[in-house]
Amino acid sequence: DTLRRNQFGGTIGGPVVKNKIFFFGGFQGTISKSDPSTVIANIPTAAMLAGDFTAITSPACNTAGRQINLPAPFAGNRISPSLLSAPAVKLVSSHVPATTNPCGETRFVRNLESNERQTLGRVDYQLSGKHSMFGRYFESRLNQPTDYDGKNPLTMSNGTLIFRVYSLVLGDTYLIGNGTVSNFRGTVNRSKIPKIVPPLFDFNDLGIKAWVYAPKYMSLNLTGGFTIGGAGGTEGHYNTTSFQFSEDLSLVRPAHQVGLGVNWIHSEMNRLSSTNTVGPFVFSGQVTG
């Protein structure tokens with residue numbers, strides 16, 4: 001296990017004005033890195049690009065361990081290069097790393113790391129023996145870089161995630177009289193989570209004239225072969241804001257306790273997801289076998 005996880009932080013607190021104002025602060029950071037496991041994929045070989053499929057159809061190159069023969073009109077497990085899709089050939093020859101393995105096997109790793117920061121602060125203010133107030137602020141940050149290594153598009157399965165969560169709470173407690181206490185709370189929560197995608201290539205770069213909603217991005221899966229992009233790599237943002245105000249009145253009488261209150265919550269979400277925007281393509285080999 002190559003996981004390297006470092007967690008650090010601390011807290012501090014104390015009076016600012018004796019018996020009146022107090023403060024508390026805390027911080028925690030977590031940094032995680034690890035050497036990722038090797039991913040195995042299968043890509044078209046130079047022989048396949050030349051129309052020679054004799055190696056990939058041999059028993060040594062398929063999990064079933066049997067000879068595969070391409071159906072008619074193909075003969076001898078060869079296909080005329082003129083019948084191959086020009087965009088497909090350009091995809092493999094220009095964007096996918098070459099391999100010398102006769103079966104097309106290639107190996108690579110994806111980056112794995114995260115950086116988290118959490119900060120908390122609170123101030124308490126004792127106005128009088130009957131009246132107190134407090135304020136609390138919390139912030140959490142998580143940076144998770146893309147697993148794309150910047151060179152091999154097969155490594156890109158997730159975009160860069162930048163998590164930001166903020167929370168602010170204000171509270172007021174007032175002793176109205178013997179046995180009557182008022183508690184007010186006001187809260188604002190905010191999250192901001194953009195997902196940023198590193199540029200790769202799109203259909204236009206392969207010679208296909210098409211409108212692309214997510215430029216320089218592609219989602220393609222070759223069954224039993226390789227994957228480029230995918231749902232985890234599409235661009236988007238997920239922002240939420242919520243407001244909450246509550247008032248609780250506690251009444252204590254000789255033989256009874258009565259609680260009255262009101263709670264109002266308003267939430268907003270601003271979300272943009274481009275999971276299916278680019279048009280995910282799947283090639284399963286069902287025609288040729």
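**Exercise 1. Aspartate 205**

Task: Leaving aside neighbours within four places in sequence, find which residues are in contact with aspartate 205.

Solution: 
- Step 1. Lys90 and Lys216 are in contact with aspartate 205. Contact means heavy atoms within 4.5 Å.
- Step 2. Know your source: this is a predicted model, where local features need pLDDT of at least 70, side-chain atom pairs count only at pLDDT 80 or more, and totals for chains, interfaces and linings use all residues. Residues are numbered from 1 along each chain as its sequence is written, and side-chain values use heavy atoms, with hydrogens and water left out.
- Step 3. Aspartate 205 lies in the loop between β8 and β9 (220-222). Strands are DSSP runs of E with at least two residues, helices are runs of H or I with at least four, and both are numbered from the N terminus.
- Step 4. Check the surface. Aspartate 205 is partly exposed, at 24% relative accessible area. Buried means under 20%, exposed means over 50%, and partly exposed is in between (1.4 Å probe, protein chains only).
- Step 5. Turn to lysine 216. This residue is in the loop between β8 and β9 as well. At 36% relative accessibility, lysine 216 is partly exposed.

**Exercise 2. Bridges between strands**

Task: Give the number of bridges for β1 with β2, β2 with β5, and β8 with β11.

Solution: 
- Step 1. β1 and β2 (residues 21-33) share 13 bridges and run antiparallel. Here arginine 4 stands opposite lysine 33.
- Step 2. Look at their hairpin. Three residues lie between the strands, and asparagine 19 takes a positive phi near 60 degrees. Asparagine 19 is exposed, at 57% relative accessible area.
- Step 3. β2 and β5 (residues 113-126) pair over 13 bridges, in the antiparallel sense. Phenylalanine 27 has threonine 119 in β5 as its bridge partner.
- Step 4. β8 (residues 180-196) and β11 (residues 236-253) pair over 16 bridges, again antiparallel. Valine 188 faces phenylalanine 243 in β11.

**Exercise 3. A buried charge**

Task: Aspartate 172 has no salt bridge; find the nearest side chain of opposite charge, and the side chain that makes a polar contact with aspartate 172.

Solution: 
- Step 1. Locate aspartate 172. Its place is in strand β7 (residues 160-177).
- Step 2. Look for an opposite charge. Lys and Arg count as positive and Asp and Glu as negative, while His and the chain ends are not counted.
- Step 3. Apply the cut-off. A salt bridge needs a side-chain nitrogen of Lys or Arg within 4 Å of a carboxyl oxygen of Asp or Glu.
- Step 4. Find the polar contact. The side chain of histidine 131 joins that of aspartate 172 at 2.6 Å. A polar contact is a pair of N or O atoms within 3.5 Å; within protein, one must be able to donate a hydrogen and the other to accept it, and residues adjacent in sequence count only if both atoms are side-chain atoms.

**Exercise 4. Salt bridges**

Task: Say how many salt bridges the structure holds, and describe three of them.

Solution: 
- Step 1. The structure holds five.
- Step 2. Aspartate 52 pairs with arginine 78, with the closest N and O atoms 3.5 Å apart. Both residues are in the loop between α1 and α2, 26 residues apart. Arginine 78 is partly exposed, at 48%.
- Step 3. Aspartate 124 pairs with arginine 122, and the closest N and O atoms are 2.9 Å apart. Aspartate 124 is partly exposed at 25%, and arginine 122 is partly exposed at 28%.
- Step 4. Glutamate 139 pairs with arginine 141, where that separation is 2.4 Å. Glutamate 139 is buried at 14%, whereas arginine 141 is partly exposed at 32%.

Methods:
Pairing = 2+ DSSP bridges.
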